[in-house]
Amino acid sequence: MNSSEIIKLIAINYQQRLHDINISVDEGSCLFLLGPNGSGKSTLLSLLAGHSPACQGAYSLAGRRVADYPISELALQRAWLPQASPPPFAIPVYQFIALGLHPLGINLEDEQACLVINQLLTRLDIAKLVTRNCDQLSGGEWQRVLIARTVVQVSPKLNPQSVLCLLDEPLTGLDLKHQIEVLQILKEFSLQGITVIASIHDLNLALNHASEVLLLNSGRVVGQGDANDVLTVGTIKQVYDVDTELLAVNGRQFIVSAALSRSV
């Protein structure tokens with residue numbers, strides 16, 4: 001393993017959903033996972049979280065086979081946010097977020113833990129929700145609560161063993177302000193050495209916020225690397241069957257529909 005390599009997948013095949021996946025991801029990367037619906041993004045994230053032990057091939061995390069991790073140790077290494085589902089039961093927001101502390105063996109009597117949670121409440125604009133039950137929230141509010149619980153688990157301030165934060169469509173249901181704040185939190189985590197892998201659908205956000213992207217189609221890797229190199233007009237046409245153009249605005253690239261750009 002390279003000194004900076006945190007994830008290594010070799011010849012991964014899984015249930016006709018993933019085919020011959022060979023990738024490596026470095027420590028501190030902020031990688032956005034892209035691809036059409038049904039391309040294998042959620043399946044790959046689940047596998048990276050350690051939830052697909054029957055896959056063929058080899059997967060190592062921090063130089064060790066994931067299959068060799070006890071579940072309690074794996075929970076210290078990584079956190080995983082699956083696609084949002086309804087709250088399973090009525091639980092106050094603050095207590096739900098604090099569930100992210102459980103794998104760390106600490107609770108709300110820990111002052112640093114309370115400080116980290118309170119900072120997230122402010123940044124994710126959910127402090128006003130702490131006395132409500134999770135089943136009383138809107139979709140966007142619930143998504144931000146789920147994100148808070150996830151990042152608490154791998155907060156470098158609380159968990160020095162954390163290396164990986166996996167998020168499946170974390171921006172779903174969020175307005176622009178909250179999308180930007182979540183992206184900023186994830187970027188800060190990556191700068192602190194936590195590898196962040198998140199699936200999203202907005203290619204322009206990938207162009208301007210990811211350190212690298214991984215593009216999937218039909219369970220296969222189309223490309224991995226700098227977003228400007230992977231998200232070419234030709235590749236977007238190949239994967240999404242959409243004609244696009246790349247526009248430069250103040251030194252930044254943006255993808256627009258070719259049909260829309262010709263109609264204005």
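In which sense do strand β11 and strand β12 pair, and over how many bridges? In this predicted model, strand β11, which covers residues 244–249, and strand β12, which covers residues 252–257, are paired in the antiparallel sense, and six bridges join them. Thr 244 has Ser 257 of β12 as its bridge partner. The two strands form a hairpin in which two residues lie between β11 and β12, and in this turn Asn 250 has a positive phi of about 50 degrees.

A further antiparallel arrangement is found in an open sheet of four strands, whose order is β2-β1-β4-β5. Strands of a sheet pair through backbone hydrogen bonds, in either a parallel or an antiparallel manner.

Strand β2 spans residues 18–26 and includes Asp 20. The relative accessibility of Asp 20 is 46%, so this residue counts as partly exposed, a class that lies between the limits of 20% and 50%. When neighbours within four places in sequence are left aside, the contacts of Asp 20 are with Ala 11, Ile 12 and Asn 13. The side chain of Asp 20 also makes a polar contact, at 3.1 Å, with the side chain of Asn 22. Between the C-alpha atoms of Asp 20 and Leu 9, which are eleven residues apart along the chain, the separation is 9.4 Å.

The structure holds one cavity of 30 Å³ or more, and the volume of the largest cavity is about 40 Å³. The lining of the largest cavity consists of Ile 23, Val 25, Leu 31, Leu 33, Leu 44, Leu 48, Ile 197 and Leu 214. Two or more of these lining residues come from each of the elements β2, β3 (30–34) and α1 (41–48). In terms of residue class, the lining of the largest cavity comprises eight nonpolar residues, with no polar and no charged residues.

The largest pocket, by contrast an open space, has a volume of about 280 Å³. This pocket is lined by 15 residues, of which Ser 52, Pro 53, Tyr 59, Val 66 and Ala 67 are the closest to its centre. The elements β4 (56–61) and α2 (71–77) each give two or more residues to the lining of the largest pocket, and β4, with three residues, gives the most. By class, ten nonpolar, four polar and one charged residues make up the lining of the largest pocket.

With residues up to four places away in sequence not counted, Thr 150 touches Ala 79, Trp 80, Leu 81, Cys 165 and Leu 166.

Methods
Residues are numbered from 1 along each chain as its sequence is written. This is a predicted model: local features need pLDDT of at least 70, side-chain atom pairs count only at pLDDT 80 or more; totals for chains, interfaces and linings use all residues. Side-chain values use heavy atoms; hydrogens and water are left out. Buried means under 20% relative accessible area, exposed over 50%, partly exposed in between (1.4 Å probe, protein chains only). Contact means heavy atoms within 4.5 Å. A polar contact is a pair of N or O atoms within 3.5 Å; within protein, one must be able to donate a hydrogen and the other to accept it, and residues adjacent in sequence count only if both atoms are side-chain atoms. Two strands pair if DSSP finds at least two bridges between them. On a 1 Å grid over the protein atoms alone, a cavity is a set of points where a 1.4 Å probe fits but cannot get out, and a pocket is an open set with protein on both sides within 12 Å along at least five of seven lines; lining residues have an atom within 4 Å of a point. Grid points are joined across faces, edges and corners, and a volume is the space filled by probe spheres set on the points. Ala, Val, Leu, Ile, Met, Phe, Trp, Tyr, Cys and Pro count as nonpolar, Asp, Glu, Lys and Arg as charged, and the others, Gly among them, as polar.
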